[in-house]
Amino acid sequence: RSLQTKSTVIFNAVDLSLFNGNGIVESEIDSIYEPKTKFEKHLKMITACRLVREKGFDRKLNVCRELHRTGINFTWFIAGDGSYKTHFQEKVVACGLADNVVFLGRIERDKLKFFYVKCDLFWLLSSYEEAYPLVYHEAHACGLPVIGLNRGGVREVINNGVDGFVVDTEEEVFNLIKYDKIIKINLNKWDREAHSITLLYEKIESVF
């Protein structure tokens, strides 16, 4: 019992000098987004990760197909490269979604925030049992609500219904988007200090 009262779990934190939405008005990637903003109601989604099958790209493509079928306007930006990229690009074309999916290639970490702040949603439906996927908090720090698959540490990173959603099925994702539940997420209360890597180090140093 005494050990329980003297121990604290310290989660990984975010480098807020890299991930933030402060003062970003326009950026070098505005030309990529501008042609996609002609619709009054237009959802912009982004994924940033290795482009491998296990990261849930087929799941997300199935959701995109349903969004397109029901007339929901969207663009999905994919930042990253990997072994599945060529095959997945072919699948996107075969589904008739070449105009809806933009492959950005590998983006340096210090550039990602410029893409994040232009989007409405970060999503990653990975099959991996990841311990504590920090990528969701990096998106949070840039003001993005997130969607993650109910696997491993995703349940610890995402406060379901508060700063994003933890889902089990593609249908859940589709319904979150269709019924505008994503845009109702308000990240103004997301505690940046609690997730700051600088403050995390300060807390650790204070112990010694």
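How do the axes of helix 3 and helix 8 cross, and within what distance do they come? Before the answer, a word on the model itself. This is a predicted model, in which local features need pLDDT of at least 70 and side-chain atom pairs count only at pLDDT 80 or more, while totals for chains, interfaces and linings use all residues. Residues are numbered from 1 along each chain as its sequence is written, and side-chain values use heavy atoms, with hydrogens and water left out.

Let us begin with the overall picture. The protein has 9 helices and 6 strands; these are DSSP runs numbered from the N terminus, with helices (H or I) of at least four residues and strands (E) of at least two. Of its 208 residues, 46% are buried, where buried means under 20% relative accessible area, exposed over 50% and partly exposed in between, with a 1.4 Å probe and protein chains only. Among contacts (heavy atoms within 4.5 Å) between residues at least 6 apart in sequence, 70% join residues at least 24 apart.

Now back to the opening question. Two packed helices are described by the angle between their axes and the distance between the axes. The axes of helix 3 (residues 57-69) and helix 8 (residues 170-178) come within 9 Å and cross at roughly 45 degrees. That makes helix 3 oblique to helix 8. Here axes are lines fitted to C-alpha atoms, for helices over the stretch in contact, and angles run from 0 to 180 degrees between N-to-C directions. Angles under 35 degrees count as roughly parallel, over 145 as roughly antiparallel, 65 to 115 as roughly perpendicular and the rest as oblique.

Which residues form this contact? From helix 3 come Arg 59, Asn 62, Val 63, Glu 66 and Leu 67, and they meet Glu 170, Val 173, Phe 174 and Ile 177 in helix 8. The residues of this contact divide into 5 nonpolar, 1 polar and 3 charged; Ala, Val, Leu, Ile, Met, Phe, Trp, Tyr, Cys and Pro count as nonpolar, Asp, Glu, Lys and Arg as charged, and the others, Gly among them, as polar.

Helix 3 also has helix 4 (residues 85-94) as a partner, with axes that come within 11 Å and cross at roughly 15 degrees. That makes helix 3 roughly parallel to helix 4. In this pair, Phe 57, Asp 58 and Leu 61 of helix 3 meet Phe 88, Lys 91 and Val 92 of helix 4.

Not counting residues up to four places away in sequence, Tyr 116 touches several residues, including Phe 19, Ile 46, Phe 122 and Leu 144.

Trp 123 lies in strand 4 (residues 121-124), and it counts as buried at 0% relative accessibility. Leaving aside neighbours within four places in sequence, the contacts of Trp 123 include Met 45, Val 63 and Val 173.

Asn 100, in the loop between helix 4 and strand 3 (101-105), is buried, with a relative accessible area of 13%. Asp 180, found in the loop between helix 8 and helix 9 (197-207), counts as partly exposed at 25% relative accessibility.
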